[in-house]
Amino acid sequence: MIAAELERQIKSGHYAPGALLPSESSLAGEHSVARNTVRSALEVLEESGLVEVLPGHGRRVVGEPASPGDATTAYERLAAEFRERIAAGEFRSEMPLPGEARLAKQHGVSRNTVRRAYRLLADEGAIVIRHGAGAFVAQPDK
């Protein structure tokens, strides 16, 4: 019943793509059940592909947030910012993007957060990471 209710809320837009779901304990209190019962319901939603686990953050609805400001994690917000900056032409493909250490300090995040943002952009094909040379905007298809 809990899985069905959460699925209904996701499909109705109550929990939008990219949104974090309430914690297990919060859902357990709301439905007057044990956390294990909620965990089982959430596993059903994970198996169906509606939600995903973000270690250290909880569970969120699968899909891209409606706007970059709705990104859940710091690395997603950083990737969204760079998508916008690349689209605006701030970086050319022959110029290296700022280094991890610089971005980490500038944004108050860890180097791993920057690395994950760059990896996300590389997986999307927006940038290319060259070992030992840095990250670069991907060459446009000709």
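Residues are numbered from 1 along each chain as its sequence is written, and side-chain values use heavy atoms, with hydrogens and water left out. Because the model is predicted, local features need pLDDT of at least 70 and side-chain atom pairs count only at pLDDT 80 or more, whereas totals for chains, interfaces and linings use all residues.

**View 1**
Read along the sequence, the elements follow the pattern α-α-α-β-β-α-α-α-β-β, where helices (H or I, at least four residues) and strands (E, at least two) are DSSP runs numbered from the N terminus. The radius of gyration of the chain, taken over C-alpha atoms, is 19 Å, while a compact globule of 142 residues would have a value near 14 Å by the rule of 2.2 Å times the number of residues to the power 0.38. Along the principal axes, the C-alpha atoms fill a box of roughly 55 × 30 × 25 Å.

**View 1. Surface, burial and charge in the chain.**
Of the 142 residues, 36% are buried; buried means under 20% relative accessible area, exposed means over 50%, and partly exposed lies in between (1.4 Å probe, protein chains only). The chain exposes about 8600 Å², of which carbon and sulfur atoms supply 51%, with areas from the Shrake-Rupley method and a 1.4 Å probe. Contact means heavy atoms within 4.5 Å, and among contacts between residues at least 6 apart in sequence, 49% join residues at least 24 apart. The 18 positive and 19 negative charges have mean positions that are 8 Å apart; here Lys and Arg count as positive and Asp and Glu as negative, without His and the chain ends, and each charge is placed at NZ of Lys, CZ of Arg, CG of Asp or CD of Glu.

**View 2. Helix H1 (residues 2-12) and its buried residues.**
The buried residues of H1 are Ile2, Ala3, Leu6, Gln9 and Ile10. Seen down the axis of H1, these residues fall within an arc of 125°, so they line one face of the helix; the arc is that of the directions from the helix axis to the C-beta atoms. On the other side of H1, Lys11 and Ser12 are exposed. The buried residues of H1 pack against helix H2 (24-31), helix H3 (35-47), strand S1 (51-54) and strand S2 (58-61). After H1 comes Gly13, whose phi is positive, near 95°.

Glu24, Leu27 and Ala28 are buried in H2. Seen down the axis of H2, its buried residues fall within an arc of 105°, so they line one face of the helix. The face turned away from this buried side carries the exposed residues Gly29 and Glu30, and the buried residues of H2 pack against H1, H3 and S2. Ser32 lies in the loop between H2 and H3, and its phi, near 55°, is a positive value in a residue other than glycine. Ser32 is exposed, with a relative accessible area of 67%.

**View 3. Val53 in strand S1.**
Val53 is partly exposed, with a relative accessible area of 44%. Leaving aside its neighbours within four places in sequence, Val53 is in contact with Glu46, Gly58 and Arg59. Val53 and Ala117 are 64 residues apart in sequence, and their C-alpha atoms are 18 Å apart in space.

**View 4. Arg111 and Thr113 in helix H6.**
Helix H6 covers residues 111-124. Arg111 is partly exposed, with a relative accessible area of 44%, whereas Thr113 is buried, with a relative accessible area of 16%. Not counting residues up to four places away in sequence, Arg111 touches Glu100, Ala101 and Ala104, while Thr113, counted in that way, touches Ala74 and Tyr75. The C-alpha atoms of Arg111 and Ala101, ten residues apart along the chain, are separated by 6.0 Å.
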